[in-house]
Amino acid sequence: MPLPQSVAFALAAHLKRHPATRITLPWKTLDGPPVTASLLFTGPAGLPLDRNRFNDGVWRPALRAASVETGRDNGMHALRHFYTSVLLDAGESIKALSEYLGHYDPASHCGRTRT
């Protein structure tokens, strides 16, 4: 996914302070083949971020601090759709968006990601 230069610099600074954590887990099913990935952001114990803890401890408090109503309409998945809409409006191609979002093909929708 393309990043503005300022975000790339901030990410590089983050990685200097907090190197990526490598983790190997089965990807699609518990008995599936293991896949190793580098996590750029982890929880306090260096483990993968738990989406529920992130939502409860970071996302919803940030929404409340900004006087934005919490709920499904302002959740992380809605943010993903908003980002997609902004890129489409700016003229980004469907094929590129499909790749950014990790879809098999441009016709796929959230939940069917690459293997």
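# Questions on a predicted model

Guide: Along the sequence, the protein chain runs α-β-β-α-α-α. This is a predicted model. Its secondary structure comes to four helices and two strands.

Visitor: What share of the 115 residues in the protein chain is buried?

Guide: Buried residues make up 13% of the 115. The accessible surface of the chain comes to about 9,000 Å². Carbon and sulfur atoms hold 60% of that surface.

Visitor: How much of the contact set joins residues 24 or more positions apart?

Guide: Such pairs account for 21% of the contacts with a separation of 6 or more.

Visitor: Why is His14 called buried?

Guide: His14 has a relative accessible area of 16%. Buried means under 20%. The value falls under that cut-off, so His14 counts as buried. His14 lies in helix α1, residues 5–17. Leaving aside residues up to four places away in sequence, His14 touches Leu40 and Phe41.

Visitor: And Ala20: what makes it partly exposed?

Guide: The relative accessibility of Ala20 is 35%. Ala20 sits in the loop between α1 and β1, with β1 at 21–26.

Visitor: Which residues does Ala20 touch, not counting those up to four places away in sequence?

Guide: Ala20 touches Leu15, Ser38, Leu39 and Leu40. There is also a C-alpha distance to note here. Ala20 and Phe41 are 21 residues apart along the chain, and their C-alpha atoms are separated by 7.3 Å.

Visitor: How many salt bridges does a search of the whole structure find?

Guide: The search finds two. One joins the side chains of Asp56 and Arg60. The other joins Glu99 and Lys95.

Visitor: How do you know that Asp56 and Arg60 meet in a salt bridge?

Guide: Their N to O distance is 2.4 Å. The cut-off is a side-chain nitrogen of Lys or Arg within 4 Å of a carboxyl oxygen of Asp or Glu. The pair meets that cut-off, so the contact is called a salt bridge.

Visitor: What separates Asp56 and Arg60 along helix α2?

Guide: About one helical turn, because Asp56 and Arg60 are four residues apart in helix α2, residues 51–65. Arg60 is partly exposed, at 31% relative accessibility.

Visitor: What makes the pair Glu99 and Lys95 a salt bridge?

Guide: The N to O distance is 2.9 Å. That is within the 4 Å cut-off, so the name applies. Both residues lie in helix α4, residues 94–100. They are four residues apart, about one turn of the helix.

Visitor: Why is Lys95 called exposed, and where does Glu99 fall?

Guide: Lys95 has a relative accessible area of 53%. Exposed means over 50%, so Lys95 counts as exposed. Glu99 is at 43%.

Visitor: Which residues form a nonpolar patch on the surface?

Guide: Met76, Leu79, Phe82 and Val86 form the patch. Together they have about 360 Å² of accessible area.

Visitor: Which residues are closest to the centre of the largest pocket?

Guide: The volume of the largest pocket is about 1,400 Å³. Of its 34 lining residues, Phe54, Met76, His77, Leu79 and Arg80 are the closest to the centre. The elements giving two or more residues to the lining are α1, α2, α3 and α4.

Visitor: How do you know that Thr84 is buried?

Guide: Thr84 has 16% relative accessibility. That is under 20%, so Thr84 counts as buried. Thr84 is in helix α3. Beyond residues up to four places away in sequence, Thr84 touches Leu97 and Leu101. The C-alpha atoms of Thr84 and Ser98 are separated by 9.5 Å.

Visitor: What is the phi of Ser67, and why is this residue called exposed?

Guide: Ser67 has a positive phi of about 60°, although it is not a glycine. Ser67 is in the loop between α2 and α3. Its relative accessibility is 69%. That is over 50%, so Ser67 counts as exposed.

Methods: Residues are numbered from 1 along each chain as its sequence is written. This is a predicted model: local features need pLDDT of at least 70, side-chain atom pairs count only at pLDDT 80 or more; totals for chains, interfaces and linings use all residues. Side-chain values use heavy atoms; hydrogens and water are left out. Buried means under 20% relative accessible area, exposed over 50%, partly exposed in between (1.4 Å probe, protein chains only). Contact means heavy atoms within 4.5 Å. Accessible areas come from the Shrake-Rupley method with a 1.4 Å probe; for residues, only the protein chains shown count as cover. Patches are made of residues with over 30% relative accessible area and no salt bridge: like charges are joined within 9 Å, nonpolar side chains (Val, Leu, Ile, Met, Phe, Trp, Tyr) within 5 Å. On a 1 Å grid over the protein atoms alone, a cavity is a set of points where a 1.4 Å probe fits but cannot get out, and a pocket is an open set with protein on both sides within 12 Å along at least five of seven lines; lining residues have an atom within 4 Å of a point. Grid points are joined across faces, edges and corners, and a volume is the space filled by probe spheres set on the points.
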